[in-house]
Amino acid sequence: MTAEPTLLQSHLRELRHRVSVVCLAILVGSIVAYIFSEPISRFFMAPLFVSRPEAVSLIYTNLTEAFIAYLKLSVLVGIIFSFPVLLYETWMFVAPGLTGREKRVMFLVIFWASLLFAGGAAFAYFVVLPKMLSFFLGFANENLEPLPKMGGYLTFVARTSLAFGLAFEIPFLMVVASKTGLVAPAYFREQRKYYYPGLLALALLLSAGDLMATLLLAFPLAGLYEAGILVIRAFSSPA
């Protein structure tokens, strides 16, 4: 009768430890990002100036807006750079239910998951953001002048990069869902016809309705979904 509560308490303690490590990593990453907030902000401003060369600066209308903008940007960048730690702690929490062969490939999976996240963020910055900004700035005319505010713009770029990075984690999330028993190994293969419209809707939301950006994201998401099915099948095969 006492085994189950003890086991539950052990899992809760481990979960609390994993969450604490992730929060500490985000805090450290945010502090480091704030120290370098000036060059980071200039890096994030580059797509705007490429999309609209005549724009030379951003504006802020409240005295505290620049400080708050740097603070929010630092936290988002801290989350982005601490993502490998999140992947590692998530995988280690799942690890007790894995076989020896699966544990041996843990670092390989974390490496590829981190690479996918970085690839998603880079894809957003170099491919999608210029097209989205060109789309939104295309509404400007002689009677309508865009004056992007510093806080809103930097948050928009950081959130978009983070969202695309998370979207590229589809294979990793599929494997975790399968190995934790949330779904059967064959679930994603059998439900493919229902998930593809969902991926298209996700691409549409992430690209804010820009058709070209939606198509640019939809195809990689579909490929990542199929990659997740292959990885799950590899894990499900006998050792």
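Tutor: The axes of α2 and α3 come within 10 Å of each other and cross at roughly 85°; axes here are lines fitted to C-alpha atoms, for helices over the stretch in contact, and angles run from 0 to 180 degrees between N-to-C directions. The helix α2 is therefore roughly perpendicular to α3, given that angles of 65 to 115 degrees count as roughly perpendicular, under 35 as roughly parallel, over 145 as roughly antiparallel and the rest as oblique. On the α2 side the contact is made by Ser37, Glu38, Ile40, Ser41 and Phe44, and on the α3 side by Tyr70, Leu73, Ser74 and Val77; contact means heavy atoms within 4.5 Å. By class, five of these residues are nonpolar, three polar and one charged, where Ala, Val, Leu, Ile, Met, Phe, Trp, Tyr, Cys and Pro count as nonpolar, Asp, Glu, Lys and Arg as charged, and the others, Gly among them, as polar.

The model is predicted: local features need pLDDT of at least 70 and side-chain atom pairs count only at pLDDT 80 or more, whereas totals for chains, interfaces and linings use all residues. Residues are numbered from 1 along each chain as its sequence is written, and side-chain values use heavy atoms, with hydrogens and water left out.

Not counting residues up to four places away in sequence, Ser41 touches Tyr70, Leu73 and Leu154.

Tyr70 and Leu73 also take part in the packing of α3 against α7, as does Leu154 from α7. These two helices pack at an angle of about 5°, with axes 9 Å apart, which means that α3 is roughly parallel to α7. The residues of this contact divide into 11 nonpolar, two polar and three charged.

Ile26 is partly exposed, at a relative accessible area of 23%.

Phe44, named above in the α2–α3 contact, is among the residues with the most contacts inside the largest nonpolar core, together with Tyr153, Phe188, Leu217 and Leu221. This core has 57 residues; a nonpolar core is a set of buried Ala, Val, Leu, Ile, Met, Phe, Trp, Tyr and Cys residues joined through side-chain atoms within 4.5 Å. The elements giving two or more residues to this core include α2, α3 (65–81) and α7 (150–167), while α6 gives the most, with 12 residues. Tyr153 contacts Phe44, Met45, Pro47, Leu48, Leu58 and Leu133, its neighbours within four places in sequence set aside.

As to the whole, the protein has 11 helices and zero strands, and 39% of its 239 residues are buried. Of its contacts with a separation of 6 or more, 82% are between residues 24 or more positions apart.

Note on methods:
Buried < 20%, exposed > 50% of the residue type's maximum accessible area, 1.4 Å probe, protein only. Helix = DSSP H or I, 4+ residues; strand = E, 2+ residues; numbered from the N terminus.
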